[in-house]
Each structure stands twice: as C-alpha cells, then as structure tokens.
Amino acid sequence: MEDEKQQDDVLAVSDALMSPRRLSRPLFGPEAETQLPAPAPVAVRVEHAWNEYQSGRLGSVISALPALLQTAQELEERAARRGEGRSGCWAVSARTHHLAATTLAKIGESDISWLAAERAMRAADESDDPLVLASAARSGMRSR
C-alpha cells in the first residue's frame with residue numbers, strides 16, 4: 001500500500017458493496033433516469049483502475065473503488081430500466097466488481113472479496129456475454 005489510510009478506504013469499499021440501495025431499490029428510491037451513467041465512459045474509468053492494479057498501485061485502486069462500485073450499481077439500474085445498452089451496462093458492472101474482488105483478495109479482505117466476486121458473476125450472467133462471464137469467474141477463484 002502506498003499510504004496508511006488504506007483501512008479507511010477498505011471500509012468505504014465495504015460500504016459501497018453493502019449500499020442500502022443494493023438491498024431494496026423501491027425502498028431507497030430510484031434516481032431520475034437522466035442521472036444514470038452511460039457504460040462507455042465508465043468502462044474507461046474501470047480500465048484505468050485495472051491499469052493501476054496491474055502497476056501495483058493498490059492504494060489508488062482502493063481509493064477509486066467506492067465511486068466505481070456506486071457507478072456500477074447505477075449502470076445496473078439503467079440496465080433494469082432500458083432495453084438498449086443493457087448488455088454493456090452489465091458487462092461494465094461485472095468488470096468493476098471483478099476488480100473489487102481481485103483487489104480485496106490481494107490485500108487479505110476475503111469476506112468482502114467474496115461478496116464482490118458474487119456480484120461480478122451475477123452481473124456477468126446478466127450481460128449474456130461469454131467472455132465477460134469467463135473473466136468474472138476468475139474473480140471467484142482469486143477470492144478463495
């Protein structure tokens with residue numbers, strides 16, 4: 001880790017994974033459709049975070065994950081509301097959760113790593129893309 005505030009960032013990642021909005025969208029209110037992100041710009045941010053991971057800058061990745069996970073949840077909401085772009089929304093969510101699972105496993109946070117891996121698999125399933133599914137399956141193996 002690059003700095004000592006890693007534990008604060010891990011708690012923020014955990015909070016993002018366990019957002020009340022994930023538990024019940026009807027209870028915690030859907031956002032206006034115009035506020036939901038498009039998958040393409042989010043995919044660029046996720047790939048940048050993957051590059052940071054590959055470069056060994058785990059602190060940077062952990063700092064970025066809470067916002068990326070929230071955006072992934074918003075993409076899932078967009079996919080649930082609209083037909084077009086559905087697969088892309090789910091694919092970016094799967095890639096985001098895969099990054100979270102892999103990063104958390106790397107730093108020894110196996111409990112929340114499993115949660116992220118499960119979310120990666122669910123999103124990959126929804127994407128109907130075999131490559132996304134194969135990639136997400138690796139996140140579960142790394143979380144063990």
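**Helices, core and a few residues**

Modeller: The chain has 8 helices and 0 strands; helices (H or I, at least four residues) and strands (E, at least two) are DSSP runs numbered from the N terminus. This is a predicted model, where local features need pLDDT of at least 70, side-chain atom pairs count only at pLDDT 80 or more, and totals for chains, interfaces and linings use all residues. Residues are numbered from 1 along each chain as its sequence is written, and side-chain values use heavy atoms, with hydrogens and water left out.

Biologist: What percentage of the 144 residues is buried?

Modeller: Buried residues come to 47% of the 144. Buried means under 20% relative accessible area, exposed is over 50%, and partly exposed is in between (1.4 Å probe, protein chains only).

Biologist: And which residues have the most contacts inside the largest nonpolar core?

Modeller: Those are Val13, Leu17, Leu65, Leu69, Leu99 and Leu104, in a core of 35 residues. At least two core residues come from each of α1 (6-17), α4 (39-54), α5, α6 (86-106), α7 (110-127) and α8 (130-142). The largest share is from α6, with 9 residues. By nonpolar core I mean a set of buried Ala, Val, Leu, Ile, Met, Phe, Trp, Tyr and Cys residues joined through side-chain atoms within 4.5 Å.

Biologist: Why call α6 largely enclosed?

Modeller: Because 15 of its 21 residues are buried, α6 is largely enclosed by the rest of the structure.

Biologist: How does the span of α6 compare with what its 21 residues should give?

Modeller: It agrees: at 1.5 Å a residue α6 should span 30 Å, and its end C-alpha atoms are 30 Å apart. The expected span is 1.5 Å times one less than the number of residues.

Biologist: What does threonine 96 touch?

Modeller: Threonine 96 sits in helix α6 and is buried, at 1% relative accessible area. Setting aside neighbours within four places in sequence, threonine 96 contacts Val46, Leu65, Leu68, Leu69 and Ala72. Contact means heavy atoms within 4.5 Å.

Biologist: And leucine 104, what does that one touch?

Modeller: Not counting residues up to four places away in sequence, leucine 104 touches Val13, Leu17, Glu109, Ile112 and Ser113.

Biologist: How are tryptophan 50 and tyrosine 53 placed in helix α4?

Modeller: They are 3 residues apart in α4, so about one helical turn separates them.

Biologist: Where is aspartate 128, and is it buried or exposed?

Modeller: Aspartate 128 lies in the loop between α7 and α8 and is exposed, with a relative accessible area of 64%. Aspartate 128 also has a positive phi of about 60° although it is not a glycine.

Biologist: Last one: which side chain does arginine 81 join in a polar contact?

Modeller: Glutamate 77, at 3.0 Å. A polar contact is a pair of N or O atoms within 3.5 Å; within protein, one must be able to donate a hydrogen and the other to accept it, and residues adjacent in sequence count only if both atoms are side-chain atoms. Arginine 81 is in helix α5 (residues 58-81).
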